Amino acid sequence: MASIFFHVLKDVDCLISPFYNTMKRKRAEFFKHVLQIENDFNKGVENMKQQTFPAASYTDWEQAAHSSLKGKALSKLFTKTVESIELKPLYTKEDVEGIYRSLPGDKPFTRGFYGEGAFPASGFVLETDPLSEGAAVGVFPSVSMLQNIHTQQFITINTVPYHMAGANAVQELVAALSEAVFYMKEAEKKGIKKSDAASKLVVHFASGPRFFTELAKIRAFRTLWSALMDAYELDENAKPKISVETSQLTLSSLDPHVNILRTGSAAFAAVLANIDYLSVTPFDQLTGETSGLSERIAQNIPLLLRHESHLDKVIDPGGGSYYIESLTEEIGRLAWDEFALMEDKGGIEQALRTGVFQKEIMEVQANREHDAATRKHQLIGTNIYANIDETNRFSDETQVQAKIEGEKINPLMPKRLAKPFEQLRQKAVRLEQTEQSVEGGIICLGELKTNKPRVDYVTGVLAVGGIHAVKSENIDKIEEAVKFVKDTKLPYYCICGADAVYEEFGQELVDELKKAANGAMIDVAGKWQADGLNGSIAAGDNIVEKLSELLSLFEGRTIQ
């Protein structure tokens, strides 16, 4: 039996041995190949380390940019902010020459008042700021109200009323510094040291839609505060806390979920700027009644920034960026010059009593509103890409105003940029609820590929005002356009096509449409001109004025 078993094992071994030897050889070849790849990779890395590249100059970039722009001027890449700061398309080392570099906790505190980083806390309750909140209701506070704030645990400087009235970043910083000086002087009247009053300050900002400007604004405030400490001989510990809320300036009750992106971006900028307290606005707060979903998202945004983005692990990550450092310096320089000028003329008290500061802020707000009306400033879901089929819960902004006693002054005029567009949509909804037609006709001239860009543009503009677009088929003959007008009997039509197609149809098209339109308003998409046209819809137009005019046409027009 043992002999038989021995012979079986011998036969099996004869069968397995060649296979085993083959596998062993293959494995050796495989590892040799892997080793060769590793050696080649290491040689490649060493070669890369030894390589040098020619330094690219600003002139080299200009040449590449000119080539990419295909004949357009390089100036097209430069933009101007509401602070009158010209933003360049490229920042280099030369742009930060002369800017003092420091670490967080070191003067001039650009990167942070303290060397240790801490993620901003939430739930902080602000005290009343009688100056700014009084200006919001048109009152300069009485002496008793001003003296009362020094009995509080904190002294709040709330720049949000200025922000909501349209103030730019420079004006917000000026207001913050000038209010701080005012409150310190008031403290001295009560025998309180300026440094003691300054250490109780909480400066509250709104973080708005311009990401880098908001980041630079808060960084610039600390730099300015360092200069203020030197100018007013404050103690080293006389550093305020910085609180930020996400701005309501660009929030909209139209397509409200876009507000999540707005508040998320604003919160992100504020956290990067190294602040102490953060408050995120629920996306549907404008309706007057927030939902559980919106409150939960508002609470989760800081958690995402902290635990997902790990922003609690780094202090001032924007430090060292040529763009951010340059923008911080520019905003700070302009703010200090304006602050010094305001103090020379009597400080924030005189600026508010005379109405000079309110007037300057109103001028900035007018520019903001014009940019929104012409779509230079795009509000997604509001003045562009509007969802005409959504069910709207329009804003209810009846807020409890602070009760401020004192002397009457010109009030700040807070206004969100989306408000005019919300009013347009509200008017359209009211017209529809009374069974009045809110439709405009679009006459699509020529082939689809030539008329589609302007058809889509005009459709989008009409949707912003809650006006439904009724489109014709692609029209090749004047008779077809006339038939469309006679069949639809609408109060408004817009001719859409390419400029070359307009020329082909010529004046005869407008003449025949006017005869068939029975007094209807006829516009053209673009800048083509012909006798009998009432107007146009084109890029750069004030669409608030145009849509207000169009909605007035529909009053009294019942649905056919």
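In this predicted model, 5 strands form an open sheet. Their order is β10-β9-β11-β12-β13, and the pairing is parallel. Strands of a sheet pair through backbone hydrogen bonds, either parallel or antiparallel. The edges are β10 (468-471) and β13 (535-537), each of which pairs on one side only. From one strand to the next, the twist averages 35°.

One pairing can be followed in detail. Strand β11 (residues 492-496) and strand β12 (residues 521-525) run parallel and are joined by 4 bridges. Ile495 stands opposite Val524 in β12.

Helices also pack on these strands. Helix α16 (residues 478-488) lies across β9 (439-444), β10 and β11. Its direction is at about 165° to β9. Helix α17 (residues 499-517) packs on the sheet as well, where it touches β9, β11 and β12. The direction of α17 makes about 160° with that of β12.

Elsewhere, helices pack against helices. Two packed helices are described by the angle between their axes and the distance between the axes. Helix α6 (residues 169-189) and helix α8 (residues 211-231) have axes that come within 10 Å. These axes cross at roughly 30°. Angles under 35 degrees count as roughly parallel, and α6 and α8 are therefore roughly parallel to each other. Their crossing is right-handed. On the α6 side, the contact is made by Ala169, Glu172, Leu173, Ala176, Leu177, Ala180, Val181 and Met184. On the α8 side, it is made by Thr213, Lys217, Ala220, Phe221, Leu224, Trp225 and Leu228. By class, the contact of α6 with α8 has 12 nonpolar, 1 polar and 2 charged residues.

Helix α8 also packs against helix α11 (residues 322-344). Here the axes lie 8 Å apart, at an angle of about 55°. That angle makes α8 oblique to α11. The crossing of α8 and α11 is right-handed. From α8, the contact takes in Phe212, Thr213, Leu215, Ala216, Lys217, Arg219, Ala220, Leu224, Ala227 and Leu228. These meet Tyr323, Ile324, Glu325, Leu327, Thr328, Ile331, Gly332, Ala335, Trp336 and Phe339 in α11. The residues of this contact divide into 14 nonpolar, 3 polar and 3 charged.

Key: Residues are numbered from 1 along each chain as its sequence is written. This is a predicted model: local features need pLDDT of at least 70, side-chain atom pairs count only at pLDDT 80 or more; totals for chains, interfaces and linings use all residues. Side-chain values use heavy atoms; hydrogens and water are left out. Axes are lines fitted to C-alpha atoms, for helices over the stretch in contact, and angles run from 0 to 180 degrees between N-to-C directions. Helices (H or I, at least four residues) and strands (E, at least two) are DSSP runs, numbered from the N terminus. Angles under 35 degrees count as roughly parallel, over 145 as roughly antiparallel, 65 to 115 as roughly perpendicular and the rest as oblique. A crossing is left-handed if the near helix is turned anticlockwise from the far one by less than a right angle, and right-handed if clockwise. Contact means heavy atoms within 4.5 Å. Ala, Val, Leu, Ile, Met, Phe, Trp, Tyr, Cys and Pro count as nonpolar, Asp, Glu, Lys and Arg as charged, and the others, Gly among them, as polar. Two strands pair if DSSP finds at least two bridges between them.
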